[in-house]
Amino acid sequence: MERSFINFPSKQMTFSSFFLWLLVFSVFFVNDANAFTGTYGVNYGRIADNLPSPQSVVTLLKAAKIKNVRIYDANQEVLTALKGSGIEIIVGLGNEFLTEISIGEDRAMNWIKENVQPFLPGTKIRGIAVGNEILGGNNRELWEVLLPSVKNVHSALQRLGLTKSIEVSSPHSEAVFASSFPPSACVFREDVVEFMKPLLQFFWQIGSPFYINAYPFLAYKSDPEHIDINYALFKKNAGVFDAKTNLHYDNMFDAQVDAAYAALDKVGFGKMEVIVSETGWASRGDDNEAGANLKNARTYNFNLKKKLAKKKGTPYRPKTKVRAYIFALFNENLKPGPTSERNFGLFKPDGSISYDIGFTGLVPSSAPSSLLSFKDLGFQGWLRSSYSWAFASCVAVMLLILTL
């Protein structure tokens with residue numbers, strides 16, 4: 001690229017022209033390396049046989065102004081549908097591939113060339129999640145191959161020149177912790193830490209955050225007699241006081257995030273950012289699944305959405321804004337396990353909303369909503385943002401030319 005496409009005046013540049021030059025630079029040369037540029041995202045799971053088409057899902061996401069999405073594979077139909085949408089996506093390299101990927105960089109290269117590279121740059125693939133909830137899980141063989149798989153994926157991306165735009169990560173469950181209450185007491189399990197520390201060391205070297213699946217719902221479900229439901233739902237409550245840090249928590253979500261920070265502190269990675277890769281609340285459950293109902297699901301997801309929109313931190317990390325991916329976009333009727341597993345969706349399989357937290361579905365719903373129609377909202381939002389960006393860019397360039 002020509003370095004001298006702008007001829008600067010020989011005299012000292014004025015403050016106004018320098019400011020405008022910076023504005024133009026930011027418009028055209030911003031680095032989009034972060035996998036999660038907002039604070040609110042969703043997990044798009046597809047273990048179902050009755051979901052809307054990926055094209056319809058993209059329409060839904062754009063209307064809801066959801067710009068960050070995680071999927072659990074690298075489905076080509078989904079990645080094709082996302083092309084040109086501007087939605088940033090993390091794809092998943094499934095647990096079933098890890099043993100093969102760990103053998104060598106060439107295996108990772110083949111996977112990336114087949115599942116990632118063909119969709120760039122039109123589809124904004126911003127990250128690859130290598131496995132899901134491996135450490136602390138039942139398959140100890142996968143514990144052994146996780147780090148080699150992560151390294152091979154990163155090495156392959158490096159050879160392809162993609163490490164500045166695609167992040168490599170691996171989300172964990174709460175099972176990696178020995179204890180998490182109070183937050184400051186959280187530590188990694190002894191059998192996990194020997195695998196976790198070298199993984200964290202590598203992620204620290206390449207600038208990846210720590211992803212944790214944090215579910216106040218699961219904590220409440222396991223001990224409803226001792227956990228205040230209001231504390232789990234972001235409602236008014238007495239809260240929890242952590243005597244060691246002298247911090248007060250008025251919701252369990254913040255406490256779970258800070259517990260992860262405390263565990264990272266204890267193994268020397270306290271400055272690593274924590275991102276919540278999954279969180280949500282079931283709208284239905286079995287008789288023994290306490291709290292799994294429509295009212296609680298709406299309350300949790302509405303209050304969480306409102307919290308994330310404030311772009312603030314936690315009591316322990318007040319200056320680091322909390323980011324979270326909601327689980328999940330849809331109810332998934334083929335998921336195994338208890339009834340709750342099939343009822344985490346913000347939307348029903350037909351595209352209507354499960355409950356009203358400010359989104360509009362693909363079809364009318366019995367849940368009340370005062371928003372515009374889905375297609376109108378999506379188109380108008382896109383039109384406004386596109387013209388605003390273009391207008392600002394043109395004005396900045398013209399003013400710069402006039403001042404030089």
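Modeller: Start with helices and strands: helices are DSSP runs of at least four residues, strands of at least two, numbered from the N terminus. The model is a predicted one. β3 (88-93), α8 (216-222) and α10 (252-266) each supply at least two residues of the lining of the largest pocket.

Biologist: Which of them gives the most to that lining?

Modeller: α10 does, with three residues.

Biologist: What makes a residue part of the lining?

Modeller: A lining residue has an atom within 4 Å of a pocket point. The largest pocket has 48 such residues. Closest to its centre are Glu133, Ser173, Asn213, Tyr215 and Glu278. The space in the pocket is about 1200 Å³.

Biologist: How many lining residues fall in each class?

Modeller: There are 23 nonpolar, 14 polar and eleven charged residues.

Biologist: Why is Ile87 called buried?

Modeller: Buried means under 20% relative accessible area. Ile87 has 2%, so Ile87 is buried. Ile87 sits in the loop between α3 (76-81) and β3.

Biologist: What does Ile87 contact beyond its neighbours within four places in sequence?

Modeller: Contact means heavy atoms within 4.5 Å. Its partners include Val58, Leu61, Lys67 and Lys124. Lys67 is 20 residues away along the chain, yet the two C-alpha atoms are separated by 4.6 Å.

Biologist: Why does His172 count as buried?

Modeller: His172 has 2% relative accessibility, and the limit is 20%, so His172 is buried. His172 lies in the loop between β5 (167-169) and β6 (177-179).

Definitions and conventions. Residues are numbered from 1 along each chain as its sequence is written. This is a predicted model: local features need pLDDT of at least 70, side-chain atom pairs count only at pLDDT 80 or more; totals for chains, interfaces and linings use all residues. Side-chain values use heavy atoms; hydrogens and water are left out. On a 1 Å grid over the protein atoms alone, a cavity is a set of points where a 1.4 Å probe fits but cannot get out, and a pocket is an open set with protein on both sides within 12 Å along at least five of seven lines; lining residues have an atom within 4 Å of a point. Grid points are joined across faces, edges and corners, and a volume is the space filled by probe spheres set on the points. Ala, Val, Leu, Ile, Met, Phe, Trp, Tyr, Cys and Pro count as nonpolar, Asp, Glu, Lys and Arg as charged, and the others, Gly among them, as polar. Buried means under 20% relative accessible area, exposed over 50%, partly exposed in between (1.4 Å probe, protein chains only).
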